[in-house]
Amino acid sequence: MEVIRLENVEKTYSDNGVPVHALRGIDLRITQGEFTVIAGPSGSGKTTLLNIMGALDRASKGKVFLEKESIGEKSRDEISAFRLEKLGFVFQAYNLIPVLTAMENVEFTMMLLGIDEKQRRDRAREVLRELDIEELANKRPNEMSGGQQQRVAVARAIVNNPSIILADEPTANLDSATGANLLDLMEKMNRDHNLTFIFSSHDRQVIDRARRLIILKDGLIAEDRNGSAEA
Amino acid sequence: MLHTDAPGNTRQNGRWSSIVLIVKMLLTVAWRNLLRNRRRSVIVFISIVVGITAVMFNDGLSIGMISQMLENSIGSHVSHIQIHAKGFNDNRVIQNNMATPSEVENVLRDTPGIAHWSPRVVSFGLLSSALNSSGGVIVGVDPEREQDVTTIRRSIVEGSYLTGAPREVVIARRLADKLQVGLGDKVVGMASALSGDVGSDLFRVTGIFETVSSEFDKAYMFTSIDNARSMLELEDRVLEYAVIVRDINEVEDIAASLRSKLGDEYEVLTYIDLLPILVSQVDMYQSMMYVVYLIIALAMIFGIINTMLMSVFERIQEFGVLMAIGMRVRRIFLMVLLEAGMLGVLGTAVGLLLGSGLLLLFSHIGIDFSIFSEGLTSFGVGAVIYPRLTPDTILNVLIIIPLTTVLGAVYPAVRAMRLQPVAAIRYV
Ligand SMILES: Nc1ncnc2c1ncn2[C@@H]1O[C@H](COP(=O)(O)OP(=O)(O)O)[C@@H](O)[C@H]1O
Ligand SMILES: [Mg+2]
């Protein structure tokens, strides 16, 4: 089942009046359950592409479909609702609300959906348990390591049962053992729940796990193939 | 296992209950953000508390001062309601007298809500002692009745009040000083009598009184109504009835009732009619108070704008993440408002308590303005002002201050709302 489709997407930034062509025409289709890595050198447009797929940013040209609906026609609120229900994000850093504990950070997303306190608590605990980070429940972000914070971010990303998780360089700030650990976790989520994962990364160990590898170069897809993990 | 308990199925449908949930969570976030920036929060908090205490004091002092002015005038001679023959107030001559006082007195006895009343003969005349003379007001009163209506008896500082015996006068301090008379000294009063001739009489000072109003203290002299009547050839006529009502809030109703019972031959005036300048001063003070509120509110708004902008700019990434996870911008707006609103409500609560406490304390002990006392007595206030805490002040603070803090947060909240999630997240 198709979850994301991009048709001839271009993105041009303006850098003090100078146009920067971050994406020059991307055609891409992502289906449910993929475990896809978008790789490429720094500045090749990975983050831009991911942001457009997550409706955090608008394409300058072309069309973006999320679950077959064009986001170009949606209002800001509709896009917010879509993100809340269908997408999960894991960023490179600063994922969590600093004044909330891990548990509360996870609950916050559910709260936005209007889920009552008891159900929220049960569900948050369930997810923390599944990710094996129950002991972090009452810790605030500044009391956690980077890897722990990223795990909590994953917990938050999956708690509303989204269909797609977008992760922009999730391991960039982690040592390789911690990074591997986080990737294990995401692979497990992908396997157990058929959750779609799309990463951007130039980290070798992330690329090695890709089942589909898309390589960007100067804002264009240079390669799109089954990744080494599937080979 | 993870998907069996899909939140989509258990979502609350009630719009209100979900708003309550959100507000609850946002309040938690707001509170912790305030704690996170403790120093900044405390500074804003203190400025709110100090601002409130200042406006409350300003209110309390102004109201206290103006009320004292009004009450002193009412208490020393004006009373709540005066009844005269038609035209007396504009033309204070004794020809404008009430020839059938019993008619008025029957009405006064029959009208509910009246606490006390007292008949008077009021005349402007010349007062002379052996050493000096001065213009003045000679008031003939029923000593028994007058003591329930005015504060003259309580204001006696030397000698004693009128007993009703002939030729007694009690005289205001400054007038006595001007005439250079003391207890037992003679004073001659001269005034135009009913016939048009000059009536005069000799009085002896039995008491000296002192009020906080220098204007009053320069002019007034009280004697028994019979003395005054005989001097002015008034027989049993009366020039003025002074009335005190039980509840000052009913003064207009009671005056209206008296007016309709007494008819066209009389004029019934309340202290509001009799003291138009003072009453308009009350209004003036009230508008001045709003100017002070405005100034304080403006200062507060800029403080809040500054603080909340800092707070928003420090948390650009946090807002970006919130937007990325699907928080609607309206809720982000609300979040910023709640944070400022919380400070406003806390500051208001503490400021109100502190301000009310101080005002209540000083409303008992008073504040001594002796250094400005000469100026104040010419306003009829007295050297000690007792500030007052009124429900109006509390209500004003309760509404204006929290509203102000929230208003100050609107612009920062709009800035937070306008952040683009990508830009916010990229912002490192
Ligand atoms: N907000 C922006 N304004 C101007 N140029 C930008 C902006 N964001 C990204 N770019 C430029 O767009 C290109 C792609 O950036 P990005 O998507 O971040 O690449 P990557 O994530 O692969 O490093 C780069 O040249 C970058 O400098
Ligand atoms: Mg990037």
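User: A nonpolar core is a set of buried Ala, Val, Leu, Ile, Met, Phe, Trp, Tyr and Cys residues joined through side-chain atoms within 4.5 Å; which residues touch the most other members of the largest one?

Analyst: This is a predicted model, in which local features need pLDDT of at least 70 and side-chain atom pairs count only at pLDDT 80 or more, while totals for chains, interfaces and linings use all residues. Residues are numbered from 1 along each chain as written, chains are lettered from A and ligands numbered from 1 in the order written, and side-chain values use heavy atoms, without hydrogens or water. Helix H13 (residues 329–365) of chain B gives the largest share of this core, eleven residues, helices (H or I) being DSSP runs of at least four residues and strands (E) of at least two, numbered from the N terminus. Among the 123 residues of the core, the two that touch the most other members are Met53(A) and Phe108(A).

User: Which residues of chain B does Phe108(A) contact, leaving aside neighbours within four places in sequence?

Analyst: Contact here means heavy atoms within 4.5 Å. Within chain A, Phe108(A) touches Ile97(A) and Leu100(A).

User: What area is buried between chain A and chain B?

Analyst: The contact between the two chains involves 46 residues of chain A and 39 residues of chain B. Arg76(A), Val99(A) and Leu112(A) supply 15% of the area that chain A buries against chain B, more than any other three residues. Buried area is the accessible area (1.4 Å probe) that two parts lose on being put together, summed over both. Carbon and sulfur atoms give 60% of the total, which is about 4000 Å².

User: Which residue of chain A forms a salt bridge with Lys24(B)?

Analyst: A salt bridge is a side-chain nitrogen of Lys or Arg within 4 Å of a carboxyl oxygen of Asp or Glu, and the count between chain A and chain B is three. In the bridge made by Lys24(B), the closest N and O atoms are 2.7 Å apart, and the partner is Glu117(A).

User: Which element gives the most residues to the side of chain A that touches chain B?

Analyst: The elements that give two or more residues to this side of chain A include helix H1 (46–53), helix H4 (117–130) and helix H6 (176–193). With seven residues, the element that gives the most is H4(A).

User: Are Arg123(A) and Glu126(A) buried or exposed?

Analyst: These residues lie in helix H4 of chain A, three residues apart, about one turn of the helix. Arg123(A) forms a salt bridge with Glu126(A), with the closest N and O atoms 3.8 Å apart. Buried means under 20% relative accessible area, exposed over 50% and partly exposed in between (1.4 Å probe, protein chains only), and both residues are buried.

User: How does Glu318(B) count by relative accessibility, as buried or exposed?

Analyst: Arg36(B) forms a salt bridge with Glu318(B), the closest N and O atoms being 3.3 Å apart. The pair links distant parts of the chain, Arg36(B) in helix H2 (residues 15–36) and Glu318(B) in helix H12 (residues 316–324) of chain B, 282 residues apart. Arg36(B) is partly exposed because its relative accessible area is 38%. Glu318(B) has a relative accessibility of 6%, so this residue counts as buried.
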